[in-house]
Amino acid sequence: MTDYLIKNAYVIDPVNKVHGEIRDIAIVNGKISEEPSPKAEIIDAGGCLTLPGGIDSHTHICGTKVNFGRYMSPEDMRAGRAPRKNGMRAVSGYSIPTTYGNSYRYAMMGYTTLTEGAMAPLEARHTHEEFRHTPLQDGLILTLFDGDWGVMKAVADGDIKRAAALIAWRLDAVKGYGVKLTNPLGAELWSWGKNVDCIRKPIPVFDLTPAEYIKGIIEANEMLNLPHSVHIHCNNLGKPGNYTCTIGTMGLVPDLNKKRQTAYLTHVQFHSYGGSGWSDFCSKAEPVSNMVNLRPQITIDMGQIMFGRTTTMTADGPMEFNLFRLHQDKWSNHDVEMETASGVIPVMYRRKNLVNSIMWAIGLELALLVKNPWQCLLTTDNPNGAPFVKYPEIIGLLMSEEYRRKEFATIHKDTGKRVILPSIDRELTFEEIAVMTRAGQARALGLIEMGKGHLGVGAEGDVAVYPIKPDKIDPSKQYAELIRGFGQTNYTFKGGVLVSKYDEILADDLNRTFWCSPKVPEKYNMSKDPELIKTFEKFYTVQMSNYPVDENYYLRRSMKIETETKL
């Protein structure tokens with residue numbers, strides 16, 4: 001492995017309180033080192049912005065729903081085509097590129113770690129197979145528990161330790177990193193053609209409310225000492241008036257962890273809607289942001305939409321059906337036995353559509369109104385709000401009020417009556433952007449101690465050097481230059497390997513999969529649990545012995561994280 005010395009770098013490293021200093025960065029044996037190797041290859045950053053490798057805490061890049069989105073939209077696969085060149089395989093696709101397309105584009109933007117936001121446990125093999133072909137990023141895969149019958153029954157019975165044990169067994173079996181709840185209990189009701197409309201209303205059979213389930217899963221997650229908190233896609237996504245449900249969900253979250261948040265609420269733009277219907281639809285980003293500001297135990301991500309065509313995909317099956325009824329376009333629905341559900345539908349967000357214009361404003365309002373950037377992370381819920389290649393434009397919007405005003409002038413003329421974005425003059429700094437795209441995401445995911453999200457001695461050699469000189473650019477005025485700069489690094493290092501230089505990919509086959517295996521007492525070893533065994537025999541289409549994912553076969557490089565539990 002080549003060692004490197006990056007000289008004259010303009011370093012911003014919020015974890016280590018480096019706020020913009022010209023420094024040299026030594027990488028030895030793939031790690032950040034205090035002293036350079038005598039044989040280090042020297043790279044002159046020339047005063048350019050140098051950050052830890054980017055981290056996406058919520059994206060959709062691998063799995064059955066992503067692949068089905070490709071099948072549904074052959075027209076999308078005709079976009080973004082590039083021939084084999086500069087170390088890259090041929091790629092295609094825009095909102096749902098091929099796996100290599102995802103990996104190359106993320107790498108050229110400086111991203112080295114990705115979190116797949118939703119994996120159906122029964123379909124874990126396919127998810128891992130696709131990630132094997134995402135070669136330039138480390139991966140974390142969140143596992144869906146929103147409709148898990150065994151866990152629902154345990155929480156309904158008040159047996160949180162059993163719920164935790166079932167979660168531990170399934171995470172270990174499918175090689176998942178953390179717990180994801182999508183529209184909690186909604187997948188179960190969707191099996192009967194219904195959906196959750198109130199977090200305090202019990203669902204039949206289990207006599208369990210979403211509020212009770214969310215609280216029970218949070219408690220179970222903390223019992224397992226998992227690096228990431230429960231990752232929640234709130235109920236009633238995309239419905240006018242859903243902000244009350246979002247605020248109510250936030251009110252359920254206790255403060256149980258001193259290292260990170262107790263709950264991560266994802267794509268909150270889609271959950272910050274006011275009005276009683278589409279005719280009086282409006283932004284409620286302000287009360288939602290105020291709630292976040294009052295509760296340090298909560299972290300959110302934006303879920304920003306950007307105008308243009310994309311593909312939506314989620315385990316929230318009933319929401320996708322509602323979206324289909326609105327758009328009358330192609331629609332896919334999928335029910336995953338006793339675990340979860342999903343839906344896929346292509347969409348077009350239009351500048352002159354009032355609802356779409358309000359949605360665009362809401363995401364930006366959240367990022368600008370949440371006071372602490374560690375609590376609001378930059379995402380598009382890729383590809384649901386927009387493909388991740390739109391991140392540089394979002395950074396430009398957050399750092400430049402002038403750019404926001406210019407864009408606002410192009411959207412539906414009535415938007416200003418229903419949002420507060422024009423009244424917000426805050427402009428984010430380079431350091432705040434570094435938090436929202438690196439340090440904050442690393443802390444939220446529990447990755448800082450694993451060497452991610454910072455440039456301290458011993459950290460992973462994940463470094464991004466951008467063609468931006470912060471001391472010579474005014475982001476509020478030179479936003480076009482800023483957007484171009486964040487669109488492609490000069491250099492991206494992953495694990496100390498130079499993976500991209502300008503528009504050329506220089507490496508391959510570097511990905512690792514991080515997954516969690518909580519250590520539980522023998523009495524909570526669910527692999528021998530008679531009730532779980534009977535469930536598989538009676539209801540599943542696979543035998544329990546065939547359910548676990550073979551670590552050696554499906555994971556290219558396995559990063560197993562064992563946690564000490566409180567069971």
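Buried here means under 20% relative accessible area, exposed over 50% and partly exposed in between, with a 1.4 Å probe and protein chains only. The model is predicted, so to speak of local features takes pLDDT of at least 70 and side-chain atom pairs pLDDT 80 or more, while totals for chains, interfaces and linings use all residues. Residues are numbered from 1 along each chain as its sequence is written, and side-chain values use heavy atoms, leaving out hydrogens and water.

**View 1. Ser 272, in the loop between strands S11 (263–265) and S12 (273–274).** Strands are DSSP runs of E, at least two residues, and helices runs of H or I, at least four, numbered from the N terminus. Ser 272 counts as buried because its relative accessibility is 0%. Its side chain reaches the backbone oxygen of Val 268 at 2.8 Å.

Buried means under 20% relative accessible area, exposed over 50% and partly exposed in between (1.4 Å probe, protein chains only). This is a predicted model: local features need pLDDT of at least 70 and side-chain atom pairs count only at pLDDT 80 or more, while totals for chains, interfaces and linings use all residues. Numbering runs from 1 along each chain as its sequence is written, and side-chain values use heavy atoms, with hydrogens and water left out.

**View 1. Ser 272 sits in the loop between strand S11 (263–265) and strand S12 (273–274).** Helices (H or I, at least four residues) and strands (E, at least two) are DSSP runs, numbered from the N terminus. Ser 272 counts as buried because its relative accessibility is 0%. Its side chain reaches the backbone oxygen of Val 268 at 2.8 Å.

**View 2. Gln 441 belongs to helix H15 (residues 430–445).** Gln 441 is buried too, because its relative accessibility is 0%. Its side chain reaches the backbone oxygen of Leu 378 at 3.3 Å, and a polar atom of that side chain lies 2.8 Å from the backbone oxygen of Met 436. Beyond residues up to four places away in sequence, Gln 441 touches Ile 55, Asp 56 and Ser 57, among others.

Technical notes: Polar contact = N/O pair within 3.5 Å; in protein donor to acceptor, adjacent residues only side chain to side chain. Contact = heavy atoms within 4.5 Å.
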